[in-house]
Each structure stands twice: as C-alpha cells, then as structure tokens.
Amino acid sequence: MMDENALIHVEVVYALPHEQKVFELAVASDLTVQEIIEQSGVLESYPEIDLRQNKVGVYSRNVKLDATVRDKDRIEIYRPLLADPKEIRRKRAQQAKNS
C-alpha cells in the first residue's frame, strides 16, 4: 500500500505560440490538479491563466481541477481557442468549392 503523503514527481506545462514553459515539481500524492498548479508558480508567471476558464488535462486528456495525478504525470493548461475548428474547416471547404 502506498503512503498517501509520498512525494510524486509531476510537470505543469503551459504553452504559448512561441514558448513552452515546464514547471517540474515534487508534491504530495494526494494533492489535486488545482493545488499542484497553484504550487507550481505558473499562475504568477502567467497571470492571464484563469482556472475557471482555461481547461486542464493530463497527457492531452481533459481532467477536472479536483482530480488527482500519478507519479510522472504531465498537467497541461490549455489556452482558449481563438477560432472554432469546425468553422475554420467550413470556411476552407467553401473557399475550395468557390475556387
């Protein structure tokens, strides 16, 4: 049985168009995704992140802020989409049809 207070190693990642910032941490295994993000320092470095708005995930799978993680997990903070991908595809299809 694993000690609930054992330390695990995780990464918190935030990517911008021309930069990716990785915060490596050793944290208690019972912390939530939100608590780990808050401890990482990413919110101080990037004040535009709003955990009420930005989606988060672990290895590209969306998770809730109250989820827990495992050793060597990568917590990702996603930026909001600037455009709806479906709408972009629709416009490209229409342009190709008109060409």
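## Overview

The accessible surface of the protein is about 7,400 Å², and carbon and sulfur atoms hold 49% of that area. Areas come from the Shrake-Rupley method with a 1.4 Å probe; for residues, only the protein chains shown count as cover. This is a predicted model, in which local features need pLDDT of at least 70 and side-chain atom pairs count only at pLDDT 80 or more, while totals for chains, interfaces and linings use all residues. Residues are numbered from 1 along each chain as its sequence is written, and side-chain values use heavy atoms, with hydrogens and water left out.

The protein has 99 residues, and 29% of them count as buried. Buried means under 20% relative accessible area, exposed over 50%, and partly exposed in between (1.4 Å probe, protein chains only).

## Fold

Three helices and five strands make up the secondary structure. Their order along the sequence is β-β-α-α-β-β-β-α. Helices (H or I, at least four residues) and strands (E, at least two) are DSSP runs, numbered from the N terminus.

Among contacts in the protein with a separation of 6 or more, 45% come from residues 24 or more positions apart. A contact means heavy atoms within 4.5 Å.

## The sheet

The five strands form an open sheet with mixed pairing, in the order β2-β1-β5-β3-β4. β2 and β4 (61–63) are the edge strands, each pairing on one side only. From one strand to the next, the twist averages 30 degrees. Two strands pair if DSSP finds at least two bridges between them. In general, strands of a sheet pair through backbone hydrogen bonds, either parallel or antiparallel.

## Strand β1 and its partners

Strand β1 covers residues 7–16 and strand β2 residues 19–28; they pair in the antiparallel sense over 10 bridges. The two form a hairpin, with two residues between them. V10 has L25 of β2 as its bridge partner. V13 is bridged to V22 in β2. A15 stands opposite Q20, also in β2.

Strand β5 (residues 74–77) runs parallel to β1, joined to that strand by four bridges. Here V13 stands opposite E76 of β5.

Axes are lines fitted to C-alpha atoms, for helices over the stretch in contact; angles run from 0 to 180 degrees between N-to-C directions.

Buried residues in α1 are V33, I36, I37 and S40. Seen down the axis of α1, they fall within an arc of 100 degrees, so they line one face of the helix. That arc is taken from the directions from the helix axis to the C-beta atoms. Cover for these buried residues includes β1, β2, α2 (42–45), β3, β4 and β5. G41 follows α1 and has a positive phi, near 95 degrees.

## V42 in helix α2

V42 lies in helix α2. Its relative accessibility is 0%, so V42 counts as buried. Leaving out residues up to four places away in sequence, V42 touches V12, Y14, F23, I37, I49 and I77. One of these, I37, is among the buried residues of α1. V42 and Y14 are 28 residues apart in sequence, yet 7.7 Å apart in space, C-alpha to C-alpha.
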